[in-house]
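Trainee: Hi! I'm new to this one, could you walk me through it?
Mentor: Happy to, let's open it up together.

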Amino acid sequence: NFSLTSYSLQGFLQFLMHNSKQIIISMLFLLLAFGQKLFSNTFSIDTQGIIQNNDALYKSWFELERFGLVLFKKLTVSYFYNNALASFTMVVFFGISAMVWAYLLCSASHATKLQPAFFMIPYVASPIFAEMLGFLLLGPEISIAATLTAISLMMWANAAASNSAKRRILLVIVSVVCATIAFTMYLAMVTIFITGTAMLYILQFGNRAQWDERKKSSWIFLVGSILIFGASYLACKILNEIAMHLAGVTTSAYISDQSRCGKDSFGTIIRNIGHHAQELYSGSGIFYSALFSIAAIVFAVVAVACSIRKRISVLAVLVSILLLLAPMIMSVVLGTAPSVRTEMTYPLAFAFMLMMLLSRLSRNTVQQAIAWILITIVGWNQALITSRIFYTENIVFNQDVLTVQAIKNDIDKLGLGESPKQPVVFIGN
């Protein structure tokens with residue numbers, strides 16, 4: 001028996017009711033960052049493509065090893081694209097995924113009472129999620145995949161806590177199924193699973209006082225997590241191969257071209273990874289923040305200090321250090337800087353570190369006030385950037401609409417009707 005928290009739907013609902021005020025505050029930050037997308041109807045190039053020829057675009061998703069995404073759209077009757085519905089559900093499902101992840105992490109901690117808002121606020125305001133979820137063709141489904149990943153980890157935690165062999169096996173199967181579905185919807189969920197496992201380990205087995213009696217359990221937890229991950233990833237690859245075979249397609253060059261391993265020299269790959277690390281940890285651009293590096297340094301120092309005082313285990317310190325490096329998983333795998341939208345471990349790790357640090361700080365009224373001021377500053381800073389991303393997108397879209405209308409007016413002036421027999425040539429901007 002691992003003495004882990006038992007997760008359930010009833011427990012989730014109780015968690016929401018018990019932390020209702022913090023949930024409401026977090027949702028306000030979600031609206032600040034993503035609110036304009038709730039009832040937005042802006043289009044992108046890919047969005048126009050799916051409206052004109054959805055079968056061709058969905059077929060390309062088989063080539064990108066996302067057959068689970070196509071299957072999900074068919075099962076939920078969202079195969080025929082509705083831009084307004086996609087915008088609305090993207091925001092709603094993102095909020096739900098934030099609550100599910102907060103429940104997963106907060107319920108796993110027994111040594112420190114974690115404040116869910118300290119996790120959810122930086123999570124829902126992240127500019128990286130704006131880049132990912134703003135791609136509305138799969139924005140809602142990405143949040144569902146993230147939720148399934150969290151549920152997979154919950155089922156594994158429940159299995160580890162169960163005394164019944166049959167129930168344990170059943171829960172492990174459910175865990176593998178949830179993770180497999182998430183991976184087939186978007187393969188970058190593998191990094192979310194790895195990061196989530198590291199966070200759960202820190203919360204469950206970091207306490208040095210219980211290390212001696214739980215050492216074996218902690219290793220079983222890690223090995224079990226690796227086996228569940230391996231089984232889910234293998235199932236994902238097999239199912240994708242079957243789906244591509246049935247669809248009569250092969251893996252897109254888009255995937256293989258992203259990886260530079262075996263194509264560039266070892267020195268070039270190291271420089272690529274180093275350059276990405278420099279951008280990420282220096283807070284370069286609008287998607288990264290120097291606040292992440294500050295939080296990471298403080299988190300590492302606190303972990304080492306607690307280890308010296310024998311309050312947490314050495315292995316927990318190593319896992320904590322690896323958690324700080326989690327945003328680099330994609331660049332290490334690819335041998336170059338990945339697309340920003342795939343770096344979802346960055347806001348996940350950032351939110352977790354802030355929650356751990358600020359929750360430990362909240363021991364009296366003054367410290368609680370300081371903690372809330374700090375998280376508000378972080379949330380406000382990120383939400384303004386995210387909101388500006390969507391505002392700029394909307395302005396560009398409206399300008400594009402005006403440009404199209406102006407072109408149509410110019411064509412109408414030619415008096416050739418709706419379908420001119422002569423070709424139309426555009427010269428200049």
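Mentor: We'll talk about confidence, then spaces in the protein, then a pair of helices.

Trainee: Where is confidence lowest, and where is it highest?
Mentor: The lowest is helix α3, residues 45–52, with a mean of 63. The highest is helix α7, residues 116–124, at 96. Where pLDDT is low, the predicted coordinates should not be read in detail.

Trainee: Got it. New topic: how many cavities of 30 Å³ or more does a search of the whole structure find?
Mentor: The search finds 1.

Trainee: What about pockets? What volume does the largest one have?
Mentor: The largest pocket has a volume of about 750 Å³. Its lining has 30 residues, and L187, A188, I255, Q258 and M330 are the ones nearest the centre.

Trainee: Which helix gives the most to that pocket lining?
Mentor: That's α17, with 4 residues. At least two residues each come from α4 (54–63), α11, α12 (211–247), α13 (253–258) and α17 (329–334).

Trainee: And by class, how does the lining of the largest pocket divide?
Mentor: Into 20 nonpolar, 5 polar and 5 charged residues.

Trainee: Last topic, the helix pair. At what angle do α18 and α19 pack?
Mentor: Helix α18 (residues 345–361) and helix α19 (residues 365–413) pack at about 160°, and their axes are 8 Å apart. Angles over 145 degrees count as roughly antiparallel, so α18 is roughly antiparallel to α19.

Trainee: Is their crossing left-handed or right-handed?
Mentor: The crossing of α18 past α19 is right-handed.

How values were computed
Residues numbered from 1 in each chain as written. Predicted model: local features only at pLDDT ≥ 70, side-chain atom pairs only at ≥ 80, totals over all residues. Heavy atoms only, no water. 1 Å grid on protein atoms, 1.4 Å probe; cavity = no way out; pocket = protein on both sides within 12 Å on 5 of 7 lines; lining within 4 Å. Points joined across faces, edges and corners; volume = space filled by probe spheres on them. pLDDT = per-residue confidence, 0-100. Nonpolar A, V, L, I, M, F, W, Y, C, P; charged D, E, K, R; others polar. Axes fitted to C-alpha atoms, helices over the stretch in contact; angles between N-to-C directions. Parallel < 35°, antiparallel > 145°, perpendicular 65-115°, else oblique. Left-handed = near helix turned anticlockwise from the far one by under 90°.
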